[in-house]
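Hi there,

Here is the structure I promised to pass on to you. Have a look at it first, and then read on for what turned up.

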Amino acid sequence: MASNPDVNKIQKLAILSVLPVAAALISLPAQAEPLPSGCDSGIGYRHAYSWARCTTGGGYVRAVATCAKGTAKKKVYGPWKVNAGAPEDRQASAWCPSSHPRVVGHSYDIKR
């Protein structure tokens, strides 16, 4: 079966007319979510965990605990928590393992 030259031209024109639109959509900058702000961290009940929370912004926050047993120390990172919703939903925790059961330092990490 022979191909129709007019159909081939129409197909090429259709493809070529879509390319600039596709290129423009790909090159659009993504809207950057604001970093969390108003952040604080502390030590939880019986020095077993650290907590972190941020009051504003989007993104994510996670608690970081420095855990110890005697003079041996270990840094532990909690899971990333979405910085949205009610204040109690924004709080992240990092729990010390039984090998290093006591929090001796606390901080937090943030990301978009």
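**What was found**

Leucine 35 sits in the loop that runs between helix 1 (5-27) and strand 1 (37-43). Please keep in mind that the model is predicted. With a relative accessibility of 39%, leucine 35 counts as partly exposed. Together with Tyr108 and Ile110, Leu35 makes up a nonpolar patch on the surface, and the accessible area of the three comes to about 230 Å².

Three strands form an open sheet in the order 1-2-6, and their pairing is antiparallel. Strand 1 and strand 6 (92-95) are at the edges with a single partner strand each, so one side of each has no neighbour in the sheet. From one strand to the next, the twist averages 15°.

The two pairings look like this:

- Strand 1 pairs with strand 2 in the antiparallel sense over six bridges. Here aspartate 40 stands opposite arginine 53 of strand 2. The hairpin of these two strands has five residues between them, and arginine 46 takes a positive phi near 55° there.
- Strand 2 (residues 49-56) pairs with strand 6 over four bridges, also in the antiparallel sense. Tyrosine 49 has tryptophan 95 of strand 6 as its bridge partner, while alanine 52 has alanine 92 in strand 6.

Both Ala52 and Ala92 turn up again in the largest nonpolar core, which has 12 residues. Besides these two, the core holds Cys39, Cys54, Val61, Ala63, Ala65, Cys67, Val76, Ala94, Cys96 and Val103. Strand 2, strand 3 and strand 6 are the elements that give two or more residues to this core. Strand 3 provides the largest share, with four residues.

The partners are arginine 62 and aspartate 109, whose closest N and O atoms are 3.1 Å apart. Arginine 62 belongs to strand 3 (residues 60-69) and aspartate 109 to strand 7 (residues 102-111), so this pair ties together parts that lie 47 residues apart in sequence. Aspartate 109 counts as partly exposed, because its relative accessibility is 24%.

Best wishes

How values were computed:
Residues are numbered from 1 along each chain as its sequence is written. This is a predicted model: local features need pLDDT of at least 70, side-chain atom pairs count only at pLDDT 80 or more; totals for chains, interfaces and linings use all residues. Side-chain values use heavy atoms; hydrogens and water are left out. Patches are made of residues with over 30% relative accessible area and no salt bridge: like charges are joined within 9 Å, nonpolar side chains (Val, Leu, Ile, Met, Phe, Trp, Tyr) within 5 Å. Accessible areas come from the Shrake-Rupley method with a 1.4 Å probe; for residues, only the protein chains shown count as cover. A salt bridge is a side-chain nitrogen of Lys or Arg within 4 Å of a carboxyl oxygen of Asp or Glu. Buried means under 20% relative accessible area, exposed over 50%, partly exposed in between (1.4 Å probe, protein chains only). Two strands pair if DSSP finds at least two bridges between them. Axes are lines fitted to C-alpha atoms, for helices over the stretch in contact, and angles run from 0 to 180 degrees between N-to-C directions. A nonpolar core is a set of buried Ala, Val, Leu, Ile, Met, Phe, Trp, Tyr and Cys residues joined through side-chain atoms within 4.5 Å.
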